Amino acid sequence: MLFIATEGGAALEQFMQQIVNGISLGSIYALVALGYTMVYGIIKLINFAHGDVYMVGAYVGFAVTTYTGLGFIPALIISMVVCAVLGMSIEKIAYKPLRNSTRIAVLITAIGVSLLLEYTMMYFVGPEVRSYPRLLSQKVFRFGSVIINMQQIYIVITTIILMIVLQYVVNKTKVGKAMRAVSADKDAAQLMGIKVDNTISFTFAIGSALAGAGGVLVGIYYNSIDPLMGMMPGLKAFVAAVFGGIGSIPGAMIGGLSIGMLETLVSGYGNSMYRDAAVFAFLILILILKPSGLLGKDTKEKV
Amino acid sequence: MKVLNKKNIFTLIIIIAIYALVQLLLTTGTISSFYEITIATICINIILAVSLNLVTGFTGQFSLGHAGFMSIGAYAGALINMSMKSTSGFLAGILIGAIAAAIIGVLIGIPTLRLKGDYLAIATLGMAEIIRVVFLNMEITNGAAGLNGIPRFTNWTWLYLFTALTIVLINNFVRSSQGRACISIREDEIAAESMGINTTKYKVMAFAIGAAFAGVAGALYSSYFYFINPTMFGFQKSIDILVIVVFGGLGSITGSVIAAVLLAVITTMLQSFSSLRMIIYALLLVIIMLFRPQGLLGTKEVTDLFKFRRNEKVE
């Protein structure tokens with residue numbers, strides 16, 4: 001893929017580079033967005049604490065690789081397990097008692113849990129930014145002037161594998177069937193003998209495990225983590241979930257990739273200071289034009 | 001109905017008495033300048049909480065972007081105040097800050113208030129974030145460094161005047177027919193609409209009034225603390241205000257006032273453990289929601305207690 005060094009070629013290469021960066025960042029958003037969309041699909045709650053589960057995942061990966069010297073794959077798995085347990089405990093302690101209260105009450109609780117995770121973490125590890133250990137080789141591949149590094153390849157491959165596993169679990173297993181049933185109609189599912197509480201716990205576990213994986217990947221990609229790192233990506237992943245159609249798993253993947261691309265393109269061609277604003281402006285546009293998102297189902301309000 | 005009936009005169013006497021008491025303590029030096037800052041924070045937080053309560057507590061529209069409106073007021077007030085260094089400049093700053101915040105409130109409210117519940121929360125959060133990024137990039141607001149050396153005209157008298165004004169005006173609004181329309185939207189939007197209430201109009205109205213008072217609070221804030229920058233008005237600030245409203249009770253003005261005072265006292269006491277402050281805030285938020293989701297006072301006012309005793313019946 002050698003381009004002749006003309007103006008057009010250079011512009012195209014720059015564009016390709018932004019797309020490569022966008023796909024790697026977007027994959028991470030997609031992993032986090034899946035947790036949002038699954039939880040929203042099943043109990044209609046924006047789990048604000050989800051971004052912080054992702055932060056905890058990054059710290060677990062950091063601790064495992066720094067103090068035990070394990071490699072990338074064990075760190076990823078340990079982090080996913082810890083986050084799955086964390087997600088299930090959050091659901092049991094904070095959300096389950098509120099199953100029948102107003103949506104605002106649950107939303108405020110979710111914000112509370114999010115702050116609690118952030119500042120408890122800050123209390124124990126300190127507010128400073130830590131640099132992530134280098135786990136992967138620093139090898140880069142060049143295609144013309146488009147650079148793809150090892151981290152990006154790992155991120156994309158890990159994401160693809162996790163997505164395939166997730167699709168398998170949701171569509172082919174018994175638990176996945178239960179999850180789909182509960183999200184379609186909770187009461188009917190219960191009447192059919194599905195254990196709704198267990199299914200919700202399981203959904204939180206899967207979603208949080210994916211967020212944990214996202215945390216480790218982002219640590220590797222950006223090389224730095226801090227206790228408040230989950231806030232912004234968490235919100236952006238939520239935007240991704242809304243864009244794809246909340247409750248839809250393929251939607252979250254498409255949404256994540258789109259938000260990643262949007263962000264890198266705004267930083268690459270416009271002003272990188274405006275990239276967060278661009279994502280939120282995009283969200284407001286979607287909410288106004290097509291609130292159900294790309295692949296979401298339209299729901300009519302019943303009186 | 002006479003304006004100067006027994007109840008109003010009684011309220012007026014209480015308002016003046018509180019003012020005189022604190023003024024006396026300030027002039028005699030019983031309240032040190034350290035606690036004076038706490039008092040200023042309480043007043044500003046009361047204005048913010050009561051105005052957010054109008055939007056979230058009374059109208060039922062969950063907004064996570066109140067700090068955005070506060071920042072508009074703060075910047076407008078600071079810029080005018082810095083070019084007109086006089087009391088009239090200070091008052092003009094407050095007025096223009098309030099109007100600017102209200103205009104942005106209407107512009108943002110019309111499209112976003114069609115959304116419900118959690119979607120609205122995210123949209124308002126996004127909008128506050130956009131406002132912050134705009135201030136971060138504007139020339140006139142001096143970017144991330146913020147504005148420094150804003151002349152201080154805010155003192156206890158002005159703070160108290162605007163706090164009392166906010167409480168009285170919003171209290172009267174809530175008890176007017178427009179206010180009752182807002183409450184009916186909170187109770188059941190579809191039912192309200194089928195009774196002929198223009199829900200969009202009243203939602204935008206509540207949003208704009210809330211934004212205007214947040215703008216006033218912002219202008220007072222900038223003039224009291226000399227210095228503002230965009231990071232002060234982030235997501236965190238919106239949450240701080242929300243905690244006060246939720247703690248006091250969604251739909252209770254006196255609840256918001258009490259919660260603002262209590263939380264300021266707790267914060268001052270925790271001054272030396274500032275790293276614990278946010279953990280305590282977060283725990284407080286979760287525990288209130290788990291055990292008392294309606295907040296300290298629910299939708300009741302402190303004055304309801306007196307009514308109950310006098311008439312031996314509720315409402």
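**View 1. A:Q151 and the residues that A:Q151 touches.** Setting aside residues up to four places away in sequence, A:Q151 touches A:L136, A:I220 and A:Y221; two residues are in contact if their C-beta atoms, placed from the backbone, lie within 7 Å. This is a predicted model, in which local features need pLDDT of at least 70 and side-chain atom pairs count only at pLDDT 80 or more, while totals for chains, interfaces and linings use all residues. Residues are numbered from 1 along each chain as its sequence is written, and chains are lettered from A and ligands numbered from 1 in the order in which they are written. To find A:Q151, look in helix α5 of chain A, residues 150–172 (helices are DSSP runs of H or I with at least four residues, strands are runs of E with at least two, and both are numbered from the N terminus). A:Q151 counts as buried because 21 other C-beta atoms lie within 10 Å; the cut-off for buried is 20 or more such atoms around a residue's own C-beta, with 12 or fewer for exposed and partly exposed in between, the C-beta atoms being placed from the backbone. A:K139 is twelve residues from A:Q151 along the chain, and their C-alpha atoms are separated by 9.0 Å.

**View 2. Where chain A meets chain B.** Here 35 residues of chain A are in contact with 32 residues of chain B. On the chain A side, α4 (103–125), α9 (231–244) and α11 (275–289) each supply at least two residues. The most comes from α4(A), with 15 residues. By type, this side of chain A has 28 nonpolar, five polar and two charged residues (Ala, Val, Leu, Ile, Met, Phe, Trp, Tyr, Cys and Pro count as nonpolar, Asp, Glu, Lys and Arg as charged, and the others, Gly among them, as polar).

View 3. The C-alpha trace of chain B spans about 55 × 50 × 45 Å along its principal axes. Of the 315 residues in chain B, 45% are buried. Among contacts in chain B with a separation of 6 or more, 81% join residues 24 or more positions apart.

**View 4. The domains of chain B.** Chain B is divided into domain 1 (1–31) and domain 2 (43–241), with bounds from an automatic or database domain assignment. The C-alpha centres of these domains of chain B lie 26 Å apart.
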